[in-house]
Amino acid sequence: MNRVRGFTLIEVLVALTITAIALVAGLKATAALTDNAERQGAVLLAQLCAENKLIELRLARQLPGVGDAVSDCPQAGRLFQVTQSVRPTPNPNFRRVDANVSERGSFVVRVTTIVGRN
C-alpha cells in the first residue's frame, strides 16, 4: 500500500490557533503604541497651552490677582481648556500660578510656576 504523508486536521488547527494568538498579540501591541502616540501628542499640545498662559502673565509685568480663570486654547485643530489658578505665597511679592489643561473634561497636564512683582 502506498501511504501519502501529510498533516492531520488536528495539526493544522493547532498551527492556525498559534498563528491567531500571535496576530492578536501583535494587534494589541500596535493599539497600545497608537494610544501612547495619541497621548503624547495631547500632552505636547496641552503643555503649549499652559506655557502660553504663564508667559502671558509674565509679559503683563504686574503681579496677577488671586483667583481662578478659565479660557479655551485651540491647538492643531483640537480644543483645550486652561484653568489658571493664582494663589498667594508666604512672601507677598510672589504668587503661585497653576495652569491645569483639560480636553473634553479629561485632565491632560498641569504646569506650575511662581510669578513675582516686577
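## Briefing: salt bridges, strands and a nonpolar patch

At 17% relative accessibility, K53 is buried (buried is under 20% relative accessible area, exposed over 50%, partly exposed in between, with a 1.4 Å probe and protein chains only). This is a predicted model: local features need pLDDT of at least 70, side-chain atom pairs count only at pLDDT 80 or more, and totals for chains, interfaces and linings use all residues. Residues are numbered from 1 along each chain as its sequence is written, and side-chain values use heavy atoms, with hydrogens and water left out.

**Salt bridges**

- The count is 6 salt bridges (a side-chain nitrogen of Lys or Arg within 4 Å of a carboxyl oxygen of Asp or Glu).
- K53 pairs with E56 at 3.7 Å, N to O.
- E56 and K53 sit 3 residues apart in helix α1, so about one helical turn separates them (helices, H or I, of at least four residues and strands, E, of at least two are DSSP runs, numbered from the N terminus).
- E56 is partly exposed, at 46% relative accessible area.
- D68 bridges to R87, with the closest N and O atoms 2.9 Å apart.
- D68 is in strand β1 and R87 in strand β2, so this pair ties together parts 19 residues apart in sequence.
- D68 is exposed at 52%, while R87 is partly exposed at 34%.
- E103 and R78 meet at 2.8 Å, N to O.
- That pair links distant parts of the chain: E103 is in strand β3 and R78 in strand β2, 25 residues apart.
- Both E103 and R78 are buried.
- A salt-bridge network links E38, R78, E103 and R104.

**Strands**

- β1 (residues 67-75) and β2 (residues 78-88) pair antiparallel over 9 bridges (pairing requires at least two DSSP bridges between two strands).
- The two strands form a hairpin with 2 residues between them.
- A76, in the turn, has a positive phi of about 50 degrees.
- Q75 stands opposite R78 in β2.
- S102 lies in strand β3 (residues 94-103).
- S102 is buried, with 15% relative accessible area.
- S102 touches F80, Q81, F107 and V108, leaving aside residues up to four places away in sequence (contact means heavy atoms within 4.5 Å).

**Nonpolar surface patch**

- F7, L9, I10, V12, L13, V14, L16 and I18 form a nonpolar surface patch with about 860 Å² of accessible area together.
- Patch residues have over 30% relative accessible area and no salt bridge; like charges are joined within 9 Å, nonpolar side chains (Val, Leu, Ile, Met, Phe, Trp, Tyr) within 5 Å.
- Accessible areas come from the Shrake-Rupley method with a 1.4 Å probe; for residues, only the protein chains shown count as cover.
- F7 lies in the segment before α1 (9-60).
- F7 is exposed, at 72% relative accessibility.
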